[in-house]
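Q: Please take a close look at one helix in this model. How does it pack, and what do its aromatic side chains do?

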Amino acid sequence: MPLATATAPPTKGGQHALKRDIGLIGLTWTSVGSIIGSGWLFGALFAAQAAGTAALVSWGIGAAAIIILAFVHAELGAAYPVSGGTGRFPHYAFGTAAGASFGWFSWLQAVTVAPIEVLAALNYLSVHASWIQTGKNHLTGAGYALAVAFMAFFVVVNWLGIKFLAHTNSAATWWKIAIPCLTILVFAATAWHSNNFGYQGFSPFGSEGMLSAISTSGIIFALLGFEQADQLAGESRNPKRDIPVAVIGSILLGALIYIMLQVVFIAALPHSAFAQGWANLSFTGKAGPFAGLATTIGVGWLATVLYIDAVVSPAGTGLIYTTATSRVSYGLSRNGYVPEVFEKTTKRGVPWFGLLFAFVMGLVVFLPFPTWQKLVGFITSASVLMYAGAPLSFGVLRRSDPDRYRPYRLPAGHFWSPVAFIVANLIMYWSGFDTLWRLGIGILLGYLLLGTSVTFKLNSKSPHMDWRSAQWLPVYLLGMGILSWRGRYCSSGPATTTSCGASNSLPLWWDMVIIAAFSLAIYYWAQAVALRPEETQEYIGNVEVEEEPKGYAAPPPETPSSPT
């Protein structure tokens, strides 16, 4: 069914349309700016502590996993250019019950990122301003007040509209790319100790350390963000061209930068840093790993630049995720899941209530997660749970909506979509049982909030729940929780070394086989009970007209719809 071609909606009740003001560079830099945030400031240290030199393999596996997920998102984002896309694709494929669930997972992930970026910036600032944090890296009262100021800044910039945001983010992203690249060049030229790569063997903590590092040391967290182009697709000037380029290009660039940073970090470590082994790497200024290492190797001027970047880089990412959070809640309201007030926009097309709600909830997140490391595993798990909805939706929409013009069509898509689902579940499993049970509490709170909205009819579009097509969802969520409990991973590493409630009953490698088999069973069960094609068309036919660009309904005559 063709998408509507109207470019502006009638206003009602103070609502205004979202503005299609963001171009290719702005859209790509939105994703790149989200990928290069606090992850580059801390990821190399924590990955090395968890896996030694094998951290390079961990980064490679993490990059491959995210690229597989990115290709699936690239097709969906270009074919369905709506705001808050990651939370809405399951709505089109499985109806309201699954759509509401994955929409909540998407919002839960997005709302926690801005606080973690603020914590990263404050972690670096605390080196020169001890009043920000206590000795355990917890925020003091004054530090919390500074965190509130950072979060308020994100709201103010967003309030000025998507065009201003895109320009601001583009300028920040050029800086955010330049500084890591400068760091790579300076470290490689100044301090290169090849024998560091062989210290205690290539993989001192074995395969378990290498695999757990993917989720628990910030590797996957660092690579998250490519989906921001999908979240802003409803405000893209040319989504059929720009979404695939932004999604795929951003993850390739980000992965390359992160792997090179890990290489030069290991090579630059002085021999004294290994005094207590990989797990306890130490050098001057450990609160800021790269800045501290720069001081240790005698390039203090670079340390100064890095301390500046420690504010600019996380702030840029937090800014974008504040935007994304408001767009996801906007999409949830358009689908009738949350109160209608989340659709209210300013004259500049900014969902103002969703923006303010994200600000308040971001401040709440600081309380149960006072440190950067404690938030990483939670966000990683919430993110991949959100990402899992895309491959599930991919298979259904390919079958139920075959005539839609797909500007980018993933080759062998019916093979890669179940693989992407397996990848997402493995990342969740590696994040550890103590992370997943906390995520489970967040999921239950979400269902309570969504249920309240529907029960009290806080949205005039309150939907009838499609339980049949979502019958696999509770089995999936509970099954992943049970497998994690029976598994061998904690947020701080393998369960053999740390007690977190995991029973360590599944043997290494067999646990991955079991996760893969469970994933495939859920995937094909979901495909079998998904919405019928006519039901899918009804949901897609209700896509908001204000979110479709003019002329998007039909491809150029000379453009084939075959795989690119």
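A: **A helix crossing and its aromatic rings**

α5 and α14 are roughly perpendicular to each other; that label covers angles of 65 to 115 degrees, while under 35 is roughly parallel, over 145 roughly antiparallel and the rest oblique. The model is predicted, with local features needing pLDDT of at least 70 and side-chain atom pairs pLDDT 80 or more, while totals for chains, interfaces and linings use all residues. Numbering runs from 1 along each chain as its sequence is written, and side-chain values use heavy atoms, without hydrogens and water.

Two packed helices are described by the angle between their axes and the distance between the axes. Here, helix α5 spans residues 96-125 and helix α14 residues 352-365. Helices are DSSP runs (H or I, at least four residues), numbered from the N terminus. The two axes come within 8 Å and cross at roughly 70 degrees. Each axis is a line fitted to C-alpha atoms over the stretch in contact, and angles run from 0 to 180 degrees between N-to-C directions. The crossing of α5 with α14 is right-handed: the near helix is turned clockwise from the far one by less than a right angle.

Which residues meet? From α5 come Trp107, Val111, Thr112 and Pro115. From α14 come Phe357, Ala358, Met361, Gly362 and Val365. Contact means heavy atoms within 4.5 Å. By class, this contact has seven nonpolar, two polar and no charged residues. Ala, Val, Leu, Ile, Met, Phe, Trp, Tyr, Cys and Pro count as nonpolar, Asp, Glu, Lys and Arg as charged, and the others, Gly among them, as polar.

The whole structure holds 30 aromatic pairs. Trp104 and Trp107 form a stacked pair, because their ring centres are 5.2 Å apart and their planes lie at 20 degrees. Rings of Phe, Tyr and Trp (its six-membered ring) pair if their centres lie within 6.5 Å; planes under 30 degrees apart are stacked, over 60 edge-to-face and the rest tilted. Both tryptophans sit in α5, three residues apart, about one turn of the helix. Trp104 and Trp107 are both buried (under 20% relative accessible area; exposed is over 50%, partly exposed in between; 1.4 Å probe, protein chains only).

For contrast, take Phe187 and Phe290. Their pair is tilted, 5.8 Å centre to centre with 55 degrees between the planes. Phe187 lies in helix α7 (residues 162-190) and Phe290 in helix α12 (residues 289-296), so this pair ties together parts 103 residues apart in sequence. Both Phe187 and Phe290 are buried.

How values were computed
Helices (H or I, at least four residues) and strands (E, at least two) are DSSP runs, numbered from the N terminus.
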